[in-house]
Protein chains: 2
Amino acid sequence: MARPRSTQADQAILDATRAVLVESGWSRLTMAAVAARAGVAKTTLYRRWPGKSELVVDAVAVLFDELELPDRGSLAADIEGVVLSFAHLLGHPETKTSLMAVVAESTTDAALRGRIKAAVVDRQKRLVVEGRVRAQARGELPPDADPVRTARSVDLIFDVIAGAVVHRSLVSAESVDAAWARRFTALLLGGLAALEA
Amino acid sequence: MARPRSTQADQAILDATRAVLVESGWSRLTMAAVAARAGVAKTTLYRRWPGKSELVVDAVAVLFDELELPDRGSLAADIEGVVLSFAHLLGHPETKTSLMAVVAESTTDAALRGRIKAAVVDRQKRLVVEGRVRAQARGELPPDADPVRTARSVDLIFDVIAGAVVHRSLVSAESVDAAWARRFTALLLGGLAALEA
DNA sequence: CCATTACGCTACGACGAGTAGCGTAATACA
DNA sequence: TGTATTACGCTACTCGTCGTAGCGTAATGG
């Protein structure tokens with residue numbers, strides 16, 4: 001029975017966060033700058049988010065939603081495709097910077113860890129599930145037997161794909177190009193065959 | 001023709017950095033605290049390292065040197081072993097916190113990226129090379145043919161192993177236990193067979 | 001013994017996180 | 001159409017940390 005929060009302000013703040021992130025990177029992103037850019041008071045930010053990390057997680061999570069899995073005709077082509085689009089996404093400064101920054105913060109903050117898991121990790125596992133279903137329809141993979149076993153496989157594959165791409169591009173600091181994607185896919189496909197056997 | 005820098009102070013500073021890291025984590029690690037713990041003046045830190053990130057990279061790099069690859073009799077057992085010891089290392093707060101923190105910083109700092117690559121990544125690739133040589137001696141893998149191809153394989157395998165373990169334990173926030181290591185190893189071995197074929 | 005450099009110390013400026021308090025605007029509900 | 005209730009903007013503030021300046025002192029090579 002009172003004034004509700006402006007959803008318009010929410011949107012403006014998240015947009016502004018991404019914009020400032022692109023320009024300044026994580027370390028030089030200040031709450032004051034976000035507030036100014038969004039056209040709201042700094043206090044409004046703190047009324048909605050506990051701090052910088054949480055704000056950035058929410059602002060960045062949607063960026064990963066642009067990842068899709070168009071049907072490229074074979075499991076191999078699908079994997080190569082998603083590897084390359086994930087790498088492309090990680091090429092954007094605001095994505096890599098903020099993803100790593102919030103992951104780093106999360107190592108000493110359990111609540112933040114949960115937020116990342118819900119907003120990014122669990123949301124993107126859909127890609128693995130989708131690719132799997134499609135491959136099964138094509139007859140490239142056997143149908144699911146045990147649901148527990150299936151869930152474990154999805155988790156494993158997700159960590160292998162996402163982990164390898166992130167590690168190569170951000171830690172090893174080497175480019176994820178078509179040639180690398182092809183070799184990685186060959187490795188993964190061979191592994192999948194062994195796993196399902 | 002003058003007073004040289006105290007190497008003893010260098011050591012004390014690096015030790016202190018690790019100690020403070022354990023107690024406070026990255027975000028609450030202050031240069032003042034490190035200086036106090038090391039028994040030196042804060043200015044002495046800045047005379048040697050440009051900032052916090054560079055100091056922490058140097059302090060943490062040596063932690064990864066404790067990783068070894070004892071001969072467990074088979075390639076599968078060797079991989080499982082190194083996966084588990086890497087996961088164990090990442091279990092220590094100071095390792096995971098500082099590794100992620102410096103990687104995050106490196107996304108906007110090319111010099112730091114180079115420092116990490118030299119001090120951590122390139123140093124630890126020895127593990128992959130060693131496991132590979134050992135497996136070849138056992139006849140589990142074919143001998144090297146093309147050196148370029150070999151180098152690419154080493155890079156790929158390194159990113160897959162390190163990436164998957166880091167991603168699972170730090171991003172997905174799930175534990176890397178013996179069961180997971182076994183499944184991951186099965187996947188990787190299957191992939192290696194396909195890669196070498 | 002002397003020039004040179006490192007070191008410890010104190011003090012300081014700059015900046016950003018996060019909070020408090022107040023007046024005002026917007027909305028649900030009666 | 002009021003009226004209670006809550007969001008909002010604004011200003012001002014505390015607090016902590018980074019990074020630097022300047023100075024006197026200690027250690028070392030020649």
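**Close-up views of a predicted two-chain model**

**View 1. Both A:F64 and A:F86 are buried residues in this predicted model.** A search of the whole structure finds three aromatic pairs over all chains. In one of them, the ring centres of A:F64 and A:F86 are 6.4 Å apart and the planes stand at 50 degrees, so the pair is tilted. The pair links distant parts of the chain, 22 residues apart: A:F64 belongs to the loop between α4 (52–61) and α5 (75–91) of chain A, whereas A:F86 belongs to helix α5 of chain A.

**View 2. B:W180 and B:F184 form a stacked aromatic pair.** Their rings are separated by 5.2 Å centre to centre, with 5 degrees between the planes. The two residues lie in helix α9 (residues 178–196) of chain B, four residues apart, about one turn of the helix. Both B:W180 and B:F184 are buried.

**View 3. A:K52 places its charged end over the ring of A:W26.** The distance to the ring centre is 4.9 Å.

**View 4. Chain A and chain B bury an area of about 3700 Å² between them.** Carbon and sulfur atoms give 68% of this area. In chain A, the residues losing the most area to chain B are A:D159, A:R183 and A:L187, together 17% of what that side buries. The contact involves 41 residues from chain A and 42 residues from chain B.

**View 5. Four salt bridges are counted between chain A and chain B.** A:D159 forms a salt bridge with B:R168, with the closest N and O atoms 4.0 Å apart. Ten residue pairs are in polar contact across the interface. On the side of chain A that touches chain B, the largest share, 13 residues, comes from α8(A).

Note on methods:
Residues are numbered from 1 along each chain as its sequence is written. Chains are lettered from A and ligands numbered from 1 in the order in which they are written. This is a predicted model: local features need pLDDT of at least 70, side-chain atom pairs count only at pLDDT 80 or more; totals for chains, interfaces and linings use all residues. Side-chain values use heavy atoms; hydrogens and water are left out. Rings of Phe, Tyr and Trp (its six-membered ring) pair if their centres lie within 6.5 Å; planes under 30 degrees apart count as stacked, over 60 as edge-to-face and the rest as tilted. Buried means under 20% relative accessible area, exposed over 50%, partly exposed in between (1.4 Å probe, protein chains only). A charge sits over a ring if NZ of Lys or CZ of Arg is within 6 Å of the ring centre and within 35 degrees of the ring normal. Contact means heavy atoms within 4.5 Å. Buried area is the accessible area (1.4 Å probe) that two parts lose on being put together, summed over both. A salt bridge is a side-chain nitrogen of Lys or Arg within 4 Å of a carboxyl oxygen of Asp or Glu. A polar contact is a pair of N or O atoms within 3.5 Å; within protein, one must be able to donate a hydrogen and the other to accept it, and residues adjacent in sequence count only if both atoms are side-chain atoms.
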